There are 2 protein chains.
Amino acid sequence: MAKGITTRAEDYSRWYLDVIQAADLAEHSSVKGCMVIKPNGYALWENIQGQLDKMFKETGHVNAYFPMLIPESFLKKEAEHVEGFAPECAVVTQGGGKRLEEALVIRPTSETIIWSTYKKWIQSYRDLPILINQWANVVRWEMRTRLFLRTTEFLWQEGHTAHASNEEAQRETMQMIDVYRRFAEEYLAAPVYVGYKTEREKFAGAVRTYCIEAMMQDRKALQAGTSHHLGQNFAKAFDVTFQDENGKLDYVWATSWGVSTRLIGALIMVHSDDNGLVIPPRLAPIEVVVIPIWKNDAEIEGMRRRIAELTEAWKGRLRFKVDDRDQFRPGYKFNEWEKRGVPIRIEIGPRELENNQVVLVRRDTGEKMLLPQDGLLDKIKELLEQIQSDLFNKAKSFRDANTMPEDDYEQFKKKIEEPGGFFRVHWCGSAECENQFQETSKATIRLIPIDGEKEQGRCLVCGKPSEQRVLVAKSY
Amino acid sequence: MAKGITTRAEDYSRWYLDVIQAADLAEHSSVKGCMVIKPNGYALWENIQGQLDKMFKETGHVNAYFPMLIPESFLKKEAEHVEGFAPECAVVTQGGGKRLEEALVIRPTSETIIWSTYKKWIQSYRDLPILINQWANVVRWEMRTRLFLRTTEFLWQEGHTAHASNEEAQRETMQMIDVYRRFAEEYLAAPVYVGYKTEREKFAGAVRTYCIEAMMQDRKALQAGTSHHLGQNFAKAFDVTFQDENGKLDYVWATSWGVSTRLIGALIMVHSDDNGLVIPPRLAPIEVVVIPIWKNDAEIEGMRRRIAELTEAWKGRLRFKVDDRDQFRPGYKFNEWEKRGVPIRIEIGPRELENNQVVLVRRDTGEKMLLPQDGLLDKIKELLEQIQSDLFNKAKSFRDANTMPEDDYEQFKKKIEEPGGFFRVHWCGSAECENQFQETSKATIRLIPIDGEKEQGRCLVCGKPSEQRVLVAKSY
């Protein structure tokens, strides 16, 4: 156990929690199931938010805010929805010192409060589409929690759109799952499979749920984002109709889509190693840390001045930090920034100063290089992009190597235990066989690929004909 | 009632709500006391957030997130705090389908959950200071609500800092009230008085509450931000001690400070007029709207092309929108953007195109000017700054003209009714006289000025000696 971090090989779950602690990202609170997101963890969330918010706005969405408290009766208006969410709700029964006439639930998701509002906003096709996103906290009562991956309260964004046609809602649903795919791949550097959920696994109230699924280093799946085509279900539940161009009344079509602080769990589990957190440069709150090394105090001031000169041109172009604290030794600092996942460390000692050089160390590979100070900014910029794509490629190789077709049920049951991975198997489409997968292997159908090739085969469980492989894995 | 907006003279309260509706900022929700912040309103909040967040970070703060649900017992640990907040709490008594052993309150403010956490983080002076801010929603049960000004749920930020000395906590408290003052004056364009609250009006649990108070156009006061020196009250309640440099144990010193979506109410009431919202340029989601005017459809494409050429250089340098919707007439659009408070409107018709000119109209003054297209961007930039400072100066003149000393209690009681305003009066410092003010006039002591000149006088109510004037007004 180096530096207080259990190795992945030894105990993967423990490693995950150790990395969170070593990088000082979050901790359990005194409130059951709820976490405290510490400044280092929240800085990751701010970067995730910033980038996603930009992508949402580029696709025409605006932000708004709806009440967190929802009358219990609203939740009950959509039958599947209440069945799915009521057991997870936190319920407010007192307010202002009095017992409430109608209990209020803390939003587990906001379809019901939002569609009760959209009813007031929508009369005609001219009022459509509505393209709204909300950044918010939600509460879903959880028995077994794990920092970032599953907590009673979590932070997320939820898009809620309203459309005049099924086709337009379908396009929106697909657009947003693709935004999530791009974000996961280009920013989290986490390759994802895209597909849709089975009836059993879909969102309570959706017609179809699209999802992105990423592979963690223990070969388990993590659902990293979902985009739901809600059809007219919520419009019917809340009686939201519109007059089309020909004066005909119809129910409004809907989508909703969301990602949460769970993405931080994905970031940790896709890239980090036994030395701690590894952050993809594009989401790193600090991209570069500069650590001056001096032997005697007389050198400090000169060193500080030279580093100030060197980094002057970096301001506004690079997120960097100079760690010139004098109560800690360089080795301590190297270790600290390594644990915290800063992509590039730069060391400057008297010799480097003299030779107009720096030592640069990559967090992801540990590679050490001696570089001239001239042109350093450009070189760093280039390296950060290199690290970003190397992290993605490494994760993709790992995932691809651990995604495999399997046509033998007995083999499947063995392999899902050891070594694990994503299994592409034929499935007849029945709920019975889907349940069988889970009961025998604790694995679930993660998704049905959207661009999956048609292929004649036989259901892994019952042997009935199947036309497409689905993705099965154990998951978080 | 022009354009659906009641005039201020006719009914100020109604005018306020009409402006919110005309600018499409927010509405009441189906949940008692809670509002829906619509996209136009939320865009203002995003700009307020963006600027404040920058100012917090420039003063060394970082963001984090603490649970929204607080065990009831935590609230009870600080005697004044629970007395102040318990009557306003929303209480969760059920979770996950079961009755909770201990009820949880939805945070009305987060001192208790945060100080129960800081206890784990602080052992030594080396762990100090902690300079954390949180962007969050809070719930305070309200009987009489008003959009933005007083709602059961609202959005805010709350800073919570921990320090090794009383002096340092005092400096932080003053630094943050000054950040708020600067934000109010330089961004909201709202001049504010700075001071501290009486014992009766201070935050429940604070040693001293500093505040900024702005004057609305009906001459009432609005508390726009508060910064609390909490002394060692919360450290004692949660037993948070630290070892100082000499090894001596002491309780930690604390501050907290916050502003909320109430600032949007201030923005509306300080600047808007009988034609609708007026937004200070620095906070305007759209600074300039460009409205092309064409007579026949043949002109449209040429017009669009020329406007695209003209605005090409504005991208990334100006927040602008070209309103070339063809289903609406120019007059309709002028009215719409006026109601919504966009600081500058630019009209371009065939004649302006031909003469290489534009018509520019200021939202705040209605002033109309004919300007050459050459150098237009610079001229717009200059005008936006001019509008920003004109709005501030206009509000300041109004406030100064309506802030006056008063030494006669009978006169005071008359004047506070009509015309109203801020009254600088002598007060002996007793709670009895403070209560008298309120009972006879519905006005309260808004603040005791921090830089108030010493002046010998006699309490307006009881005639006992007083050494300083305080600010008294009716308020929101």
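This is a predicted model: local features need pLDDT of at least 70, side-chain atom pairs count only at pLDDT 80 or more; totals for chains, interfaces and linings use all residues.
**Exercise 1. Describe the side of chain A that touches chain B, by extent, origin and residue type.**

Step 1. Taking two residues as in contact if their C-beta atoms lie within 7 Å, 38 residues of chain A are in contact with 38 residues of chain B.

Step 2. The largest share, six residues, comes from β5(A).

Step 3. Classify the residues. The side of chain A that touches chain B comprises 23 nonpolar, 11 polar and four charged residues.

**Exercise 2. Determine how the two copies are related, and which C-alpha of chain A is nearest the axis.**

Step 1. Superpose the chains. A rotation of 180° with 0.0 Å of shift along its axis places chain A on chain B, with an RMSD of 0.0 Å.

Step 2. Locate the axis in chain A. The C-alpha nearest the axis belongs to A:Val92, at 2.1 Å from it.

Step 3. Examine the strands at this residue. A:Val92 stands opposite B:Val92 in β5(B). β5(A) and strand β5 (residues 90–95) of chain B pair in the antiparallel sense, over five bridges.

Step 4. Compare the two surfaces. Because 100% of the interface residues of chain A are also interface residues in chain B, the copies meet through the same surface.

**Exercise 3. Trace the open sheet of 11 strands in chain A and identify the strands at its edges.**

Step 1. Write the strand order. In chain A it is β3-β7-β8-β14-β11-β10-β9-β22-β25-β21-β20, and the pairing is mixed.

Step 2. Identify the edges. β3 and β20 (403–405) of chain A each have a single partner strand, so one side of each is left without a neighbour in the sheet.

Step 3. Inspect one pair within the order. Strand β9 (residues 192–196) of chain A runs antiparallel to strand β10 (residues 208–215) of chain A, and five bridges join them. Here A:Tyr196 stands opposite A:Tyr210 in β10(A).

Step 4. α5(A) lies across β7, β8 and β14 (253–260) of chain A, and runs at about 30° to β8(A).

**Exercise 4. State the domains assigned to chain A and the separation of the centres of domain 2 and domain 3.**

Step 1. List the domains. The assignment gives domain 1 (12–271), domain 2 (286–383) and domain 3 (403–473) of chain A.

Step 2. Taken over C-alpha atoms, the centres of domain 2 and domain 3 of chain A are separated by 50 Å.

Key: Residues are numbered from 1 along each chain as its sequence is written. Chains are lettered from A and ligands numbered from 1 in the order in which they are written. Helices (H or I, at least four residues) and strands (E, at least two) are DSSP runs, numbered from the N terminus. Ala, Val, Leu, Ile, Met, Phe, Trp, Tyr, Cys and Pro count as nonpolar, Asp, Glu, Lys and Arg as charged, and the others, Gly among them, as polar. Two strands pair if DSSP finds at least two bridges between them. Copies are superposed by least squares on the C-alpha atoms of residues with pLDDT of at least 70 in both. Axes are lines fitted to C-alpha atoms, for helices over the stretch in contact, and angles run from 0 to 180 degrees between N-to-C directions. Domain bounds come from an automatic or database domain assignment.
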